[in-house]
Amino acid sequence: MCGIALVLSGDHLVVAPSTAAAAATSGTRFPVEGEGVSVGELEEALRRRGPDSLGRHRLHLCADGTILGDGVGCDRGDGVGGSVGATVLCFIGATLQLRGAEPVSQPLVAQSGNVLVYNGEIYGGIDIGKDQNDTQSFLSSLESCCSCDLHAVDSDEAYPCCESSGKSVPQILSTIKGPWALIYWQADSKTLWFGRDAFGRRSLLVHWPTPDDSRFILSSVSPPSLSGNNSATEVTGLESGADPDISGYTKVSYWEELPCGIYSIHLKRLENSATCMKEGRVVEVRKHDWTDSSLHTLIRWERKSTIPTPSVLGKSSVDEGNQQLSPSFRNSRKVEDSASIGLEKGDLPNCITQSVHRVLIALRESVMLRTNMNRLYEGDLNKLKDEELDPIAILFSGGLDSMILAALLDQCLDSKWTIDLLNVSFDGQLAPDRVSSLAGLKELQRISPLRRWRLVEIDTDLANLKGESEHVMSLIHPSNTYMDLNIGIALWLAAGGDGWVNGQDGHRYKYKSTSRVLLVGSGADEQCAGYGRHRTKYRLGGWVSLDAEMRLDVQRIWKRNMGRDDRCISDHGKEARFPFLDENVIKNLLEIPLWEIANLDEPTGRGDKKILREVAKLLGLQEASFLPKRAIQFGSRIARESNRKNFGSNRAANQASAGSVEVHKRNH
């Protein structure tokens, strides 16, 4: 996990998200010292994400096209270096070293003048050696890209130049498997590239120029000083065709989530390419298409088989327009009976459907990719003592998703390593997630008695978290509801890993997890119909409505969940990894008929996430396979405590729809 940022400023230069946004720059004035976020504040916030190193690199792009770089300081504003008309690009990179044989500091600056700050992991698409670092390998691939102006200013086509000069930047980015956010300066074409992966698994915020601060800024996280700035400015979103999240006029605060995608700003020959207005030169940001067809399929999230046919249903009775059970569901009793006798790892009984096999194999491969100890930074592994062999932990509720991840991690990780299970509670031993985590620990010990499992009980009281709550509020920004804050606090505390462990001798001792890689179950509910609203949609509109709601959830997960969760977890200098959001897992789930993913005619705890429940049974997790869905804010009971504190009671909070109430409006 890394923290990355860019500050772009210039002599009366305004970066606009589209041509239409030029009107929104009316009245733009250029900041004086003390206005807007400072580079120092950005560095302080990013350093928490990347505690191993912090670097800066500055470029001056002069009006005549000359590039000057001092590689050190990052001053504010205009005329830096005394060049009239200069554009200044300040790159900042804070690194959490997790891969490679040698330490690497960002920004990476190539001899060609190209500059990269990168936050992500590469699990495919680019060849990376066993002892190589992702960022270094990625820069080498980007160095081979064609730097023809056509790729930055024209359509995303394959030009003749690419045959001799290599792929374009969008082509390289479209092939990467894994989460990423990046900022990349291509010196030859004088083009700034930036973006996030197709599911937004790594955070990247953007500040569009406003009348109060004309700079264009990208950052992994918002510094506390401006996270509370909720004054709205009208900004025209990026032109994106049918994507409603980034088109049209939107009221935004200082920061907003950068929508998933690949973007570029072409800074070559500004006197010709920029739009001249009375406020200055307006440069447009361009959004590029993904070039990989398989990635397009995942983004569209279109399932081939949604409605079961009569031949699939056989003789089962169905309501008109609302077909119900598939053969695999009618055989579920056989699955339970077979699973109850216990299954050895690797057994694939005939009674388990082929679809479950596929999901299990895909999930195991996903966990293996994300926990391969040969790819972890050797310097960290060498520092661990025998009693501290816990490089990988799980955010653990004891529920279905985290239990599956724990069982799979046990299969993928050498038995010498301890697995930390991080569980947070705001009601001591009485919180539902604490109860299920204790039961889950026993079940894991039963299926894998040789593994050292360590349940870390993180107990806290919301009333004692005033300073922490304010800090988390800055992390979740631009999200700002009580639901976001409650989830953010719970994730932030769990990721910190500071709690208590019950020893084998019955003694309870203080413990802080040193794991730098955390497995998280995000994406399972969206893809496997785990939310209550999925059941409502199915009841009202059948399979078609259910499929549409699940597609909506997956396509907006970047905005509602991933950026917020990434920022809260990584604030501790730890990296969240999401096995359920692996590209191959998503692909396999989409290729399975919807009626084999879920059967919402069955009760909660059986029909929702049906396919994952059968995966759990195959792993020997009998008790976990029947657990109902509980969101972290309810399972940890922070929502209850928040409702009592801020609304007086749960009843009053429900009447006020507390989850969607904005914190700053309530407090002011």
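This is a predicted model: local features need pLDDT of at least 70, side-chain atom pairs count only at pLDDT 80 or more; totals for chains, interfaces and linings use all residues.
## Surface and overall make-up

Residues are numbered from 1 along each chain as its sequence is written, and side-chain values use heavy atoms, with hydrogens and water left out.

Of the protein's 668 residues, 59% count as buried (under 20% relative accessible area, 1.4 Å probe, protein chains only). You'll find 27 helices and 25 strands here (DSSP runs, H or I of at least four residues for helices, E of at least two for strands, numbered from the N terminus).

## Helices α12 and α21

Helix α12 (residues 354–371) packs against helix α21 (residues 583–591) at about 170°, with axes 9 Å apart. The two are therefore roughly antiparallel (an angle over 145 degrees, on a scale from 0 to 180 between N-to-C directions).

On the α12 side, R358, V359, A362, L363, E365 and S366 touch N584, V585, N588, L589 and E591 of α21 (contact means heavy atoms within 4.5 Å).

## Helices α16 and α20

Now for α16 (residues 466–476) and α20 (residues 557–570): their packing angle is about 135°, and their axes lie 8 Å apart.

The α16 residues V472, L475 and I476 meet R564, R567 and C568 in α20.

Conventions
Buried means under 20% relative accessible area, exposed over 50%, partly exposed in between (1.4 Å probe, protein chains only). Angles under 35 degrees count as roughly parallel, over 145 as roughly antiparallel, 65 to 115 as roughly perpendicular and the rest as oblique.
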